[in-house]
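Hello,

Here is the structure I promised to pass on. Please have a look at it first, and then read my notes below.

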Amino acid sequence: MSETTRPADSSAAAPAPALEIRGLRKEYRRGVPVLRDISITFANRGITAVIGPSGTGKSTLIRCINRLVEPTAGKILFHGLDLARLHGKALREARRRIGMVFQEYNLVERLTVMENVLSGRLGYVAPLKAWLRRYPQRDIEAAFELLDAVGLTEYANQRADALSGGQRQRVGIARAVMQQPELLLADEPTSSLDPKTSVEIMELMVALAESRHIPVILNIHNVPLARRFATHIIGMSDGSIVYDGSPEGLSDDHLKQIYGGENWLE
Amino acid sequence: MSSAAGPAQNRPPPFLPNWPARIAWIALAAYAFYAASILDVTWERFVLGLENGAKFIGRMLPPDTEAEKMTLMIRGLYESLEIAILSSTLGILLSLPVGLLAARNLMPPWVTWPTRLFIALCRAFHQVIVAIIFVKAVGFGALAGILALTVASIGFIAKLFADAIEEISLKQVEAIRATGAPFMNVIAYGVMPQVLTRFVGFATYQVDSNLRNSTMVGIVGAGGIGGTMFAAFQKFDYDFLLTILLAIIAMIMVSEALQNRIKRLYQ
C-alpha cells in the first residue's frame, strides 16, 4: 500500500466526485474475496482506466457499481446515494443515470440498430409504449443525432446481427450515451476488437463523453491504450488497488507490481 | 520419430469408451427382440388381415357425396375448425405468461416450481381423456373440445417456450437491465426478441396439432367432425367415411400452406 500514489490534482479537484467507493468487498464464494475492501474516489470528469491482469476483479468492480453484480460489503456513493443499498424502483432509477458499454457489445441481436439505440431510454418509457415503439419525438431525434455521431445513420433499420464488431460497439456506445448518463461505465470495450478498431472506438467514446461532460470509468487490459486515452489510472492486482494516479506517473515498476514478472515488458 | 517409443507409452487413449451408453443400447436391442418374439405374429393372421383390408377399401369406394350428408359433414368440419382456432388462440395467449413464469433463469424457484407442476399436469393426459373430463363438466358440444385442446396447447407451447427462454443469451438481458428498464421492458426488449421466432414456430405447430385433434375429440362427444365420423363407422357407412377422411386431408394441407406463410413473416 505504501506504493499507492496520490497525485495532487485529484485531491485538488474539489467539486463533488462522480463516485466514491468505500471498503467494497465481493466474495462469489464465502471466504474467497475477489475485491478486498477497495476504496477509491472517481473524479467527476475525465477518463479513469482500471488496469490489471485477467481475473483480478476489474469487471467485478465495474459491475458492482451498477449492481449487475451484488457487492458483499461496502459503500458505493453516487452523488450522495449509496448504490450498494438500493432495491427495486430506487435501483432502477439509479441505473438510468449510469450508462454501460460491454465487452461483447450485448446488443439485442434481432432488433434494429435504431431499436437498440432507443433501448437506452427504456428506463423512462412505459412498457406498452416501448412495446408499440411509441417513443417521444425528442428521443427519436436524439437517437438520430447519436447515430450521426457514431456514423451509422444509414444502418438505422438494419438488424444488429448484420453489423461488424466495430459497428456493434458504436451502437453499444450510442445506446449508453442515449441514457444521458451522469457516469459512463465501460467493461473491456475494445477487447473483442482488432487494434485499429480499438483505437477508433476509444476515440469515439472519449470524444462523445467529453463533449457531454460525462465522466468515464473503463476496464482495459491494454496498457498502451489506457496510457493514451486515460486522464487517470487505477492499477489493480489480486483484488486490491496498487496504483491510483496519473498516466504519466505509471512506471515499469508499477506495471511489474500490477501484472507480476517483467519478461513481458519490452 | 525414432525416439517416439518412450513417451508414446505414457499417452492416454485418444478416445474413451462410454460403457454405460453401450450397455444401454445393447439392453434396448435385446428387449426389442424379446418383445417382438412374444407378440404371436403369424403369416396366416397377416394374410387374413390383407383380405379384410381389401374388403374394407372396396366398400369405401366410391366416396359418398349425397347432398344431405355433405351438409352434415361441412357442419362438422366447420365446428372442428372453430374448436381448433379458438383453442389455439386461447392456448397461445395463456402460454405466453405461463411460459415466462416457468423460465428458471428469469423467475425465482417459488414461482417456477408451481408453474412447472401446472404445465406437467396439462401434459399428463391425452387430449381425449381431458375431453371426456370436460364433457362431464360442461356437457356435450364444442365448448368441451375447446377447453380440452386449450389445456393441451398450454402443456405443449408453455413448456417449449419456457425451455427456449432458458436458452437465451443473458448478455442482452443484462444490457437492458443496466439501462434501468422496468421488468416488463426487460421482457419486451431483452427476452422476447430472442424467442419470438421460436414461439411462433411452436404456436403454428400447435395450431396444426389442434386441427388434427379437433377432428378426434368428437368421438367422446366434445364437438366437431369426429362425432359424425364415429357415427359413420358405427353404421358401416364406409363410403361416407372416405368423403370425411378426404375432406380432413384437404383441410390439413391448406393449414400447412398457411403455416409456412406465417412463419416466413416472423423470420
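The C-alpha centres of domain 1 and domain 2 of chain A lie 28 Å apart. Domain 1 covers 1–97 + 183–191 + 215–266, and domain 2 covers 104–180; these bounds come from an automatic or database domain assignment. The contact between them takes 5 residues from domain 1 of chain A and 5 residues from domain 2 of chain A, where two residues are in contact if their C-beta atoms, placed from the backbone, lie within 7 Å. H3(A) provides the largest share of the domain 1 side, 3 residues. That side divides into 2 nonpolar, no polar and 3 charged residues. Here Ala, Val, Leu, Ile, Met, Phe, Trp, Tyr, Cys and Pro count as nonpolar, Asp, Glu, Lys and Arg as charged, and the others, Gly among them, as polar.

A word on what you are looking at: this is a predicted model, in which local features need pLDDT of at least 70 and side-chain atom pairs count only at pLDDT 80 or more, while totals for chains, interfaces and linings use all residues. Residues are numbered from 1 along each chain as its sequence is written, and chains are lettered from A and ligands numbered from 1 in the order in which they are written.

The pLDDT (the predictor's confidence in each residue, from 0 to 100) averages 89 in chain A, and 93% of the residues score at least 70. Over residues 1–13 of chain A, pLDDT stays under 50, and the model has 19 contacts beyond four places in sequence for them.

Now to the two chains together. In their interface, 22 residues of chain A are in contact with 17 residues of chain B. Helix H3 (88–96) and helix H5 (127–131) of chain A each supply at least two residues of the chain A side; helices (H or I, at least four residues) and strands (E, at least two) are DSSP runs, numbered from the N terminus. H3(A) gives the most to that side, with 4 residues. By class, the side of chain A that touches chain B has 9 nonpolar, 6 polar and 7 charged residues.

The largest nonpolar core has 122 residues, and those with the most contacts inside it are Val117(A) and Ala148(B). Such a core is a set of buried Ala, Val, Leu, Ile, Met, Phe, Trp, Tyr and Cys residues joined through C-beta atoms within 7 Å. A residue is buried if 20 or more other C-beta atoms lie within 10 Å of its own, exposed if 12 or fewer, and partly exposed in between, with C-beta atoms placed from the backbone. Beyond its neighbours within four places in sequence, Ala148(B) is in contact with residues including Phe134(B) and Val217(B).

Finally, some backbone details. Most residues other than glycine have a negative phi, and most peptide bonds are trans. Arg133(A), however, has a positive phi of about 60°; it sits in the loop between H5 and helix H6 (137–150) of chain A and is exposed, with 11 other C-beta atoms within 10 Å. Asp238(A) has a positive phi of about 50° and is found in the loop between strand S9 (232–237) and strand S10 (240–245) of chain A. In chain B, the peptide bond from Leu61(B) to Pro62(B) is cis, with omega near -10°.

Best wishes
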